[in-house]
Amino acid sequence: MIDFHSHVLPGIDDGSSCEEESLDMLRIAKSQGVITMLATPHFYAQNNSVGHFLKDREKSFNKLKACTEYMKDDAYPAIKLGAEVCYFNGIGQARELEKLCIEDTDAILLELPFTQWNKFVLQDVIMLMEERRLTVILAHIERFYAFQTRKKIWKEMLELPVIFQVNADFHDNRKKRKVVKKLIENDKPLILGSDCHNVENRKPNLISGYDYISDKYGKKMVEQIDNLGREVLGFDTK
Ligand SMILES: [Fe+2]
C-alpha cells in the first residue's frame, strides 16, 4: 500500500512533533502494510515561500534520516517527499509550483478551501492541469462536500480529470461514505491517504480505509487504487 498523504516529517507543521514520533508513525504504517509513505507537510503561500519550505523540509527529513534506527532498520516504509499545497487565489499562475510536486513526478497534492468554492477555484485547478501540465490530486475530497451548498460547482469539480485522494477514515462518517460511494460508482480515479499527524488522535490508519473498501466494493477496487498510486509514482504496475 502507498500512503499518499501524511504529516510524518518531524517538527515542520502540525504533524509529528519529533523524530521519535515520526519513527513510531512509520512503524505503525509499516505494520499495516504500507511500503511507501508520502511526506506531505502543509504549504501555505501566505506565510512561506517555496524556497523556505523546501529548505525546512530537507532539514526535517535529514533529521529523520539521521536517526540510526531509521538508517539501519528496514522496518519502515520508504519516504517520498511532497507537500499538501493549500489553495490560494491565482495558484494556477504562481511561480515555482512545480517544485512542490511529489518527488520525481508531475503530481501536486492540492488542498482546496474549506469554504464554498467559486469559479475562480475551478479555473485555477483547470489552469494547473491544462497550462502547467500538472497532475492534480485533490486532498481528502470527502471533507469538502459539507461546505459546498452550490452543488453545481461541486459537480463541475468532480467532473475534472483530477485524481481524488480520500482519507482512510472516511467510512466513520455517513456523508463522507456517500461521497466516496458516488466516486466509486462513477469510476473516478481514487487514491488513499492516512493524513496521519501523530500517534494519538490522528494515527496512521491506511489499513482501515483499505479494509472497508475491500469489504464493501471488492478486492479489485483496492487493486485499482493501488495500481493508480503506483502509476502516479512511476512504479511498476502489474
Ligand atoms: Fe493533511
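In this predicted model, the side chains of Arg-132 and Glu-98 meet in a salt bridge, with an N to O distance of 3.0 Å; a salt bridge is a side-chain nitrogen of Lys or Arg within 4 Å of a carboxyl oxygen of Asp or Glu. Arg-132 lies in the loop between helix 4 (119-130) and strand 7 (135-138), and Glu-98 in the loop between strand 5 (84-86) and strand 6 (107-111), so the pair ties together parts that are 34 residues apart in sequence. Arg-132 is buried at 18% relative accessible area, whereas Glu-98 is partly exposed at 37%. Here buried means under 20% relative accessible area, exposed over 50% and partly exposed in between (1.4 Å probe, protein chains only). Helices (H or I, at least four residues) and strands (E, at least two) are DSSP runs, numbered from the N terminus.

Residues are numbered from 1 along each chain as its sequence is written, and side-chain values use heavy atoms, with hydrogens and water left out. Local features need pLDDT of at least 70 and side-chain atom pairs count only at pLDDT 80 or more, while totals for chains, interfaces and linings use all residues.

The structure holds 9 salt bridges. Lys-188 forms one with Glu-159, the closest N and O atoms being 3.9 Å apart. This pair links distant parts of the chain, since Lys-188 is in the loop between helix 6 and strand 9 (190-193) and Glu-159 is in helix 5, 29 residues apart. Lys-188 is buried at 17% relative accessibility, and Glu-159 is exposed at 60%. In another salt bridge, the side chains of Lys-152 and Glu-156 meet at 3.3 Å, N to O. Both residues lie in helix 5, 4 residues apart, which is about one turn of the helix. Arg-143, Asp-195 and Arg-202 are linked in a network of salt bridges.

A positive surface patch is formed by Lys-151, Lys-155, Arg-174, Lys-175, Lys-178 and Lys-182. Helix 5 (151-159) and helix 6 (174-185) are the elements that give two or more residues to this patch, and helix 6 gives the most, with 4 residues. Patch residues have over 30% relative accessible area and no salt bridge, and like charges are joined within 9 Å. Lys-175, in helix 6, is partly exposed at 49% relative accessibility.

Overall, the protein chain has 8 helices and 9 strands. Of its 238 residues, 51% count as buried.

How values were computed: Patch = residues over 30% accessible without salt bridge, like charges linked within 9 Å, V, L, I, M, F, W, Y side chains within 5 Å. Areas by Shrake-Rupley, 256 points an atom, 1.4 Å probe, with all protein chains shown as cover. Lys, Arg positive; Asp, Glu negative; His and termini not counted. Charge placed at Lys NZ, Arg CZ, Asp CG, Glu CD.
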